[in-house]
Each structure stands twice: as C-alpha cells, then as structure tokens.
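Please examine the sequence and the structure shown below. The paragraphs that follow lead through the fold and then through selected side chains.

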Amino acid sequence: MQWWHEIGNALAAEFSDISDIAQITRISLRLTLAALLGGVLGYERERKGKAAGLKTHMLVALGAALFVLIPLEAGVSDTELSRIIQGIVTGVGFLGAGAILKSSSEEHVTGLTTAAGIWLTAAIGMTVGLGREATALLSTLFALAVFYLVPLVWEKPARRIHTRDRDDEA
C-alpha cells in the first residue's frame, strides 16, 4: 500500500504547476484569447481560400503564447525570455517561408501575405502570453484593417494601371 501513496504523491507533484485559482484564470484567459485572436485572422485568410487558415493561425497564436507564458510563470529572467522570443520569431519565420512559392516560369511569388500573416499571428500570440492583452487586441484590429481595407484601396488603382498597360500594347 505504501507504493500507492508514493504514486499519488508523485502525480500530485507533477500536476502542481498551477497553484491557485488566480493563476489558472490568468493562464486560461491568455491561452483562450491568443487562440481567439489567431482564429479571427485565420478565419479571414480561410474565407479568402488561403492555405493557412483558421486552425493554423489559432495554433500559431496559441503556441507562441504558451512559449512565453510558461517561462514567465516559471520566473525566467528578461535575458532568457528575450532568447525565447528570438527563437519563436525565427521558428515562425521558417514556418512562413514554407508558405512562399515562386513560379519557375514567371517572376510571380505567392504566399508572402500568408507568411507575413502567420508571423504577425505569432507576434500577437506572444503579446497575449506576455500579458499585454489590449495591445494584442489592437494589433489584431490593425491586421484586419490591412487584410480588408488595403485591397479596397490598392486593387482599384492597380487594376486601372494594368488595364491601361494592356490598352497601350494593343
């Protein structure tokens, strides 16, 4: 019977990283908000038929938040946290690079906006994980403005220029 007691104590020790209701509330709020904000950006990308959609953006934001939240909860120094953030930025850069494709027959590159969106989603996730929820929310709104408003402003003049170029060739 003694070994059952030892197993119980070992299990209790393994699951003791969340010590009180305030800590579980803070962790739950940050992880949920990171996933939701990532999901908002991912939903917009998925609606436009892009490869990295809802689930990808949610997971990137959630992972980035977790990568900074856990070291903060463990009490790492600012220097160590800085190295963790550098690693996230680099790692997500590689993830985004996988979304960029260059056509061999033309000088056409696709996936740059998707890669930048994934990178920004990671930054928003890190921001939430660091406890800067209002900044993360504001950043998400700015990202949505870029996704929705810039095409409205930019595509119309670009179409006119492209049409004018075709008329000049004829």
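**Salt bridges and their surroundings**

Arg-30 and Glu-133 form a salt bridge in which the closest N and O atoms are 3.5 Å apart. Here a salt bridge is a side-chain nitrogen of Lys or Arg within 4 Å of a carboxyl oxygen of Asp or Glu. Arg-30 belongs to helix α2 and Glu-133 to helix α6 (residues 133–169), so this pair ties together parts that are 103 residues apart in sequence. Arg-30 counts as buried, at 12% relative accessibility, whereas Glu-133, at 22%, counts as partly exposed. Buried means under 20% relative accessible area, exposed means over 50%, and partly exposed lies in between (1.4 Å probe, protein chains only).

The model is a predicted one: local features need pLDDT of at least 70, side-chain atom pairs count only at pLDDT 80 or more, and totals for chains, interfaces and linings use all residues. Residues are numbered from 1 along each chain as its sequence is written, and side-chain values use heavy atoms, with hydrogens and water left out.

How many salt bridges are there by this rule? The count comes to four. Another of them joins the side chains of Arg-26 and Glu-73, at 3.4 Å from N to O. Because Arg-26 lies in helix α2 (residues 21–47) and Glu-73 in helix α3 (residues 54–74), the pair ties together parts that are 47 residues apart in sequence. Arg-26 is partly exposed, with a relative accessible area of 34%, and Glu-73 is partly exposed as well, with 28%.

The side chains of Glu-44 and Arg-45 also meet in a salt bridge, at 3.2 Å from N to O. Are these two residues buried or exposed? Both Glu-44 and Arg-45 are buried. Salt bridges that share partners join Glu-44, Arg-45 and Lys-48 into one network.

Arg-45 lies over the face of Phe-147, at 4.6 Å from the ring centre. The charged end of Lys-48 sits over the ring of Tyr-148, 5.8 Å from its centre. A charge sits over a ring if NZ of Lys or CZ of Arg is within 6 Å of the ring centre and within 35 degrees of the ring normal.

His-57 has its place in helix α3 and is buried, with a relative accessible area of 2%.

The view may now widen to the whole chain. The protein has six helices and two strands, in the pattern α-α-α-α-β-β-α-α along the sequence. Helices (H or I, at least four residues) and strands (E, at least two) are DSSP runs, numbered from the N terminus. Of the 170 residues, 26% count as buried. Among contacts between residues at least 6 apart in sequence, 63% join residues at least 24 apart.

Conventions: Contact = heavy atoms within 4.5 Å.
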